[in-house]
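User: I would like to learn how to read a protein structure feature by feature. Could you show me the model and start with how strands pair?

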Amino acid sequence: MKQLFLMIGLFGTFLYLSASDLEFTGFTDTYHAVRLKGQHEFNASRTRFRGEIFYQIEDASLFTSFNAINNNILEDETGIELREAFMEYVASKWDVRVGRQIITWGKADGMQITDIICPGDYTEFITRDFDDIRIPVESVKFRWLPGFADFEIIWLPFFKASVLPSGNNPWKISQEYNTDNEIVFKQTIEPENKLENSEIAGKISFYLSGIDFAFSGFYTWDDLPIIHEQTVNDTTYLQPEHHRLKYLGMEMNKPIGNFVFRSEIAFYQNKFFRNLSTEDKTDKKNLLKAMLGLDWYPGDDWDFSFQFADDLILKYDEDLESDENNSVATLNISKKILRQTLGFSNMLYYGFNEKDIYDQIAMDYALTDELHLFCGMDIFAGNDGYFGKFKNNSQIWFKVKYGF
Amino acid sequence: MRKVIILFVMIATIFQIVKLQAKELSGRDIMVLVDERDDGNDSRVEMEMILINKRGRKRIRQIISYSKDYGKDSKSVMIFQKPVDVKGTGFLSWEYDDDSKNDDRWLYMPALKKVRRISGSSENDYFMGSDFTYDDMGGRNPDEDTHTLLREENLNEQPCWVIESIPKEKDNMYSKKIVWIRQDVKMAVKVEYYDKLGLMKTLTISDIKQVDGIWTAHEMLMDNKAEKHQTVLNFNQVNYNQDLKDNMFTVSAIERGRLK
């Protein structure tokens with residue numbers, strides 16, 4: 001009933017906005033994916049209405065976006081959600097944005113090296129569009145813009161965790177525990193909503209002739225929980241918990257001719273990992289993540305993009321569940337034809353450790369500027385690893401999107 | 001009577017000098033005159049781009065563009081207003097007069113809320129599915145081509161210089177351009193683009209009027225004969241010398257998806 005009132009309210013707002021000076025835009029999309037293997041079950045089937053409202057008075061503005069979703073596979077997702085809602089004030093040398101917003105850092109595509117302000121929504125692993133994977137955060141973002149550099153400070157008063165597949169989600173991966181004990185899964189411990197549990201980030205960016213680079217730091221919480229184990233008599237208690245994390249990072253872009261070189265490097269202090277030799281099966285280690293990328297724009301609407309990323313656990317312990325090194329490469333090739341109305345793309349991920357693959361092949365046809373038809377395949381291969389464990393989830397999909 | 005004769009001789013001499021000067025102008029001199037004509041220190045343009053295919057079906061793009069001169073270099077920013085699938089996309093470009101230096105370019109993609117540094121040397125790529133390449137849209141340095149004055153002739157009853165421009169770089173998509181320059185306003189009014197197979201497309205520039213004291217084209221039609229496709233550019237609202245702030249031409253500005 002509450003959602004019905006919300007829908008009526010939103011519809012009324014839409015009618016009002018249509019007749020006022022406010023800017024009302026958005027889209028409707030419908031996405032359906034079927035497994036290639038087995039009984040060809042639906043991996044995803046959802047339809048969404050996205051509304052976006054923008055209003056500006058002189059230097060101040062308001063932006064709100066919301067989703068009305070019907071999800072046939074994950075019924076918990078059906079409903080109305082506020083996606084972003086923020087106010088912004090823009091002065092000549094600074095601006096400030098307050099509210100629920102998406103903040104993007106970094107130069108990498110489809111990888112989280114320095115892009116760690118917004119947690120990830122992995123409900124459908126990473127098959128969703130990149131913009132749907134970022135979860136908006138309540139925050140205050142202040143930028144001082146003196147000209148020679150951009151200084152950015154972000155305060156996040158409330159912690160928000162990444163979303164992992166759960167329940168009967170076809171993307172859920174069950175963790176196996178090698179024990180005869182009874183297992184009790186406790187509720188995840190999240191930071192309380194207290195000032196001292198706030199997260200704070202800072203970044204200095206330089207956009208210069210022939211080179212961009214930036215330095216960043218973040219006093220945060222790990223968006224993914226680590227599971228602490230405790231065995232009492234014949235019962236093993238599993239306690240997921242989020243922990244404090246400190247981050248320092250650097251990113252760079254360097255164009256040379258038809259090429260753009262991209263790089264990111266990040267240092268994470270005191271990240272928790274699973275360690276089978278410790279009492280609670282966890283251990284704190286420092287982690288170094290780095291990415292090197294190369295974009296090639298040969299012209300004629302061809303784009304090539306290659307990335308190589310490596311995670312290195314410092315002062316490695318052989319009993320850690322994670323590998324000391326974890327390397328992933330991506331190759332993205334895209335081409336547009338018919339005056340950019342028909343686009344083809346292929347984004348390939350390759351995990352070196354387990355030799356596993358995720359390949360997304362997609363086509364986008366603009367029937368009109370407003371109406372786009374998409375179709376594609378997500379292919380997972382390998383026996384284990386980040387991608388290989390989804391080998392039974394390879395799927396074919398289509399999407400229709402109408403923007404207004 | 002003697003004074004009248006002296007005056008007549010003086011006037012004749014002046015006319016002769018002007019005529020000689022005009023005759024002595026080389027193709028390059030004329031293109032430098034065109035390049036250096038007053039186009040304001042900065043400008044704001046509301047532009048409509050209409051793509052027309054061979055069946056007459058139209059697709060419309062609306063763009064707000066700002067540009068500012070920094071000596072011989074310039075900075076420009078474009079924000080796409082329509083259609084919906086590109087609304088909010090920002091394109092920032094720092095263009096350098098020095099041939100040896102690549103332009104700096106950034107693209108803001110609102111769906112990803114992310115700015116991407118893009119290569120500065122894809123000049124031969126078509127802009128947004130139109131018949132204009134980035135090179136056609138931007139200010140090409142006169143010394144990037146070899147110019148030859150072919151003749152003088154009237155076009156639409158206006159005296160014009162007709163110049164042949166041959167690109168110096170070997171990988172340019174055009175083998176040559178024939179450009180009609182209106183002598184009174186020092187502006188191109190027609191351009192024929194040729195490749196090795198012959199005439200590719202023709203640009204016709206019309207509705208030239210003064211705005212804020214600066215001669216301004218309000219319509220451009222690019223007729224792509226090879227692909228039977230046309231692009232019309234309408235410059236609906238043009239303003240010059242608005243004292244635009246430097247911070248409009250920055251990455252932080254396009255990251256907002258709109259400009260004040």
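Analyst: In this predicted model, strand β10 (residues 187–195) of chain B pairs in the antiparallel sense with strand β11 (residues 198–211) of chain B over six bridges. The general idea is that strands of a sheet pair through backbone hydrogen bonds, either parallel or antiparallel. Within this pair, Asp195(B) stands opposite Gly198(B) in β11(B), and β10(B) and β11(B) form a hairpin with two residues between them.

User: Which strand pairs with β10 of chain B in the antiparallel sense over seven bridges?

Analyst: That partner is strand β9 (residues 176–182) of chain B, and in this pairing Ile178(B) stands opposite Glu192(B) in β10(B). β9(B) and β10(B) also form a hairpin, with four residues between them, and Lys186(B) in the turn has a positive phi of about 55°.

User: What is the order of the strands in the open sheet of three strands in chain A?

Analyst: The order is β9-β13-β12 in chain A, and the pairing is mixed. Strands β9 (182–185) and β12 (226–232) of chain A stand at the edges, each with a single partner strand, so one side of each has no neighbour in the sheet. Neighbouring strands of this sheet are turned by 25° against each other on average, when direction is ignored. One of the pairings is that of β9(A) with strand β13 (residues 235–241) of chain A, which runs in the parallel sense over four bridges, and there Val184(A) stands opposite Tyr237(A) in β13(A).

User: Which residues does a cis peptide bond join in chain B?

Analyst: The cis peptide bond joins Lys82(B) and Pro83(B), with omega about 0°, and Pro83(B) lies in the loop between β3 (73–82) and β4 (90–95) of chain B.

User: How many residues of chain A are in contact with chain B, and which elements of chain A supply them?

Analyst: There are 35 residues of chain A in contact with 30 residues of chain B. On the side of chain A that touches chain B, α2 (130–133), β14 (244–256), β15 (259–274) and β16 (282–299) each supply at least two residues. The residues of that side divide into eleven nonpolar, 14 polar and ten charged.

User: What can be said of chain B as a whole, and of the confidence in the model?

Analyst: Chain B has four helices and 13 strands, and buried residues make up 30% of its 260 residues. Its average pLDDT is 88, with 89% of the residues scoring at least 70, while the model scores ipTM 0.89 and pTM 0.88.

Methods. Residues are numbered from 1 along each chain as its sequence is written. Chains are lettered from A and ligands numbered from 1 in the order in which they are written. This is a predicted model: local features need pLDDT of at least 70, side-chain atom pairs count only at pLDDT 80 or more; totals for chains, interfaces and linings use all residues. pLDDT is the predictor's confidence in each residue, from 0 to 100. Two residues are in contact if their C-beta atoms, placed from the backbone, lie within 7 Å. Ala, Val, Leu, Ile, Met, Phe, Trp, Tyr, Cys and Pro count as nonpolar, Asp, Glu, Lys and Arg as charged, and the others, Gly among them, as polar. Two strands pair if DSSP finds at least two bridges between them. Axes are lines fitted to C-alpha atoms, for helices over the stretch in contact, and angles run from 0 to 180 degrees between N-to-C directions. A residue is buried if 20 or more other C-beta atoms lie within 10 Å of its own, exposed if 12 or fewer, and partly exposed in between; C-beta atoms are placed from the backbone.
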